[in-house]
Amino acid sequence: MRKNGYNRKGFTRNCSELLIHDRITITEKIEGLNLEQKTKIRQELKRQRLWNSRAWKIILGILIVLAAVYIVGCVYYSRHFYGGGTVFGIQMRNQTAESLKEQIIQKVGEYQLKIVTRDGEETITADQIGLEYDDQGEIEQLLEEQKTAAWFLMAASSKEDRGVQMTADETRLSEAVQGLSCMQEENMTAPTDAHLEYVDGAFAIQEETYGNQLEYDTVYNTVRESVTSGETEISLEDLSCYVAPAIYKDDERLQEECDAVNKMINVEITYDFSDRQMVVDKSVIKDWITFGDNFTYDLSEEAVGDYVYDMAYETDTFGLTRKFTTHSGQEITLKGGDYGWCINRSETVEQLIGLVKAGENVTVEPVYLYSGICRDTNDIGGTYVEVSISDQYMWVYKDGECVVSTPVVTGNPSRGWDTPAGGVWAVDARISPYTLTGQDYNTDVTYWLPFNGNVGIHDADWRSSFGGSIYRTNGSHGCVNTPPEAMKTVYEVIKIGYPVVVY
């Protein structure tokens, strides 16, 4: 609204413009105005100067107050912490070094270390170990390193928790660790490595077990470090205090070993004993495998030796007691002599180990130290000589049929020249002709079959009769004197190594 040519909005704008120029400019601008306008301008200028003066006073007052607060803060926080962090779990802000240490000492006395084990939790207290705060001046150092001038930035200060150093009585600490339930031998189970076991016809990997075995030195050092640094809870698992397995199920070397061992045992070796066999297969070989370090394996020579020993025990006959059915069907017991089979154990062990490692399915015989003619359970077989001292008779069998049945004359017992009896001997030689020599004789014979040193079977053409009781007073020097016509057949049938049964 305009009144007397005066516009208030325009007037105010003009005043504002005038205020931003110097006095000469203002004077120039108001020369053309009337008295009323000049008065208004002067009043507005006066009001603006008054307002500016008051604003500066307010600002100056605020600055003075802020400066005072800042100075007071600097003084205060030169002796107090302003940080938002903690020491040993105790708030630092507005604490002096002395008050903070007092609270630390109090809290150290209440200290407990919780130890988390695989089987539960245990606790060690400050009283148990004589725990004390080890004041190294770190609290004062923290206060000194605090930038006092930056106290007003406390809201942005670090919130971290700082530990403190503590000392414990080493002897009492050791006793406390040794007294933990988890450290008792009876409460510990050792870990086991992943390994191979024979299951359902093959070796398979068995997983490792972790157990809960702890070593004193490891636990002691861990607890000691935790206590002195002020930790309140530790996990023996997380800190790797437990004795760990050395081999795990996913180890490629273990799988390779498993494959190789299964290949080794997957063989079948048959030992042939004519009317019976003994088979060596994986069910037997599995017990011979021994495992060493660094994923090595081998056959136990001792275990193989035990097997060969048992095989020899079951099948050896050399010089051993045996049953024999005589020409009359009577079963008698024979003991001694040098006929039969005897396994060479050491060489058979070597043979068997080599066959298993070769990995071929074969049928073989053991290596023999002594061998007979027949390998049946009844190793005398069907071709043999049978001599009865009491009957003074000899029978010769070929393939189970009697081909010779003749009276004989055996050794003279009255002169101490008894023919060895009660056992089975092997024919040692076949000689034709032969000269028998002794202390008081030198006699030619056509056929000679020795079976026990100088004792053997031979023809005796100097005798006119055989059998009966001749042997008692006019017997031989120990040999079996045989009629010449029968001896020819005996010699033709009986070869070296054939058994001679004398009873």
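Guide: We can start with Ile 289, whose place is in strand β15 (residues 289-291); strands are DSSP runs of E with at least two residues, helices are runs of H or I with at least four, and both are numbered from the N terminus. This is a predicted model, in which local features need pLDDT of at least 70, side-chain atom pairs count only at pLDDT 80 or more, and totals for chains, interfaces and linings use all residues. Residues are numbered from 1 along each chain as its sequence is written, and side-chain values use heavy atoms, with hydrogens and water left out.

Visitor: Why does Ile 289 count as buried?

Guide: Buried means under 20% relative accessible area, with exposed over 50% and partly exposed in between (1.4 Å probe, protein chains only); Ile 289 has 10% relative accessibility, so the residue counts as buried.

Visitor: Which residues is Ile 289 in contact with, leaving aside its neighbours within four places in sequence?

Guide: Contact means heavy atoms within 4.5 Å, and on that basis the partners of Ile 289 are Phe 203, Val 261, Met 264, Ile 265, Asp 298 and Leu 299. For Val 261, which is 28 residues apart from Ile 289 along the chain, the separation of the C-alpha atoms is 8.1 Å.

Visitor: What makes β5 and β6 a pair?

Guide: Two strands pair if DSSP finds at least two bridges between them, and β5 and β6 have six, in the antiparallel sense. Strand β5 (residues 112-117) also pairs with β12, in the parallel sense and over three bridges. Lys 114 stands opposite Thr 123 in β6 and opposite Glu 233 in β12.

Visitor: Why are β6 and β12 said to stand at the edges?

Guide: The three strands form an open sheet of mixed pairing in the order β6-β5-β12. β6 (120-125) and β12 (233-235) each have a single partner strand, so one side of each is left without a neighbour in the sheet.

Visitor: What is the make-up of the lining of the largest pocket?

Guide: The lining residues divide into six nonpolar, six polar and three charged, where Ala, Val, Leu, Ile, Met, Phe, Trp, Tyr, Cys and Pro count as nonpolar, Asp, Glu, Lys and Arg as charged, and the others, Gly among them, as polar.
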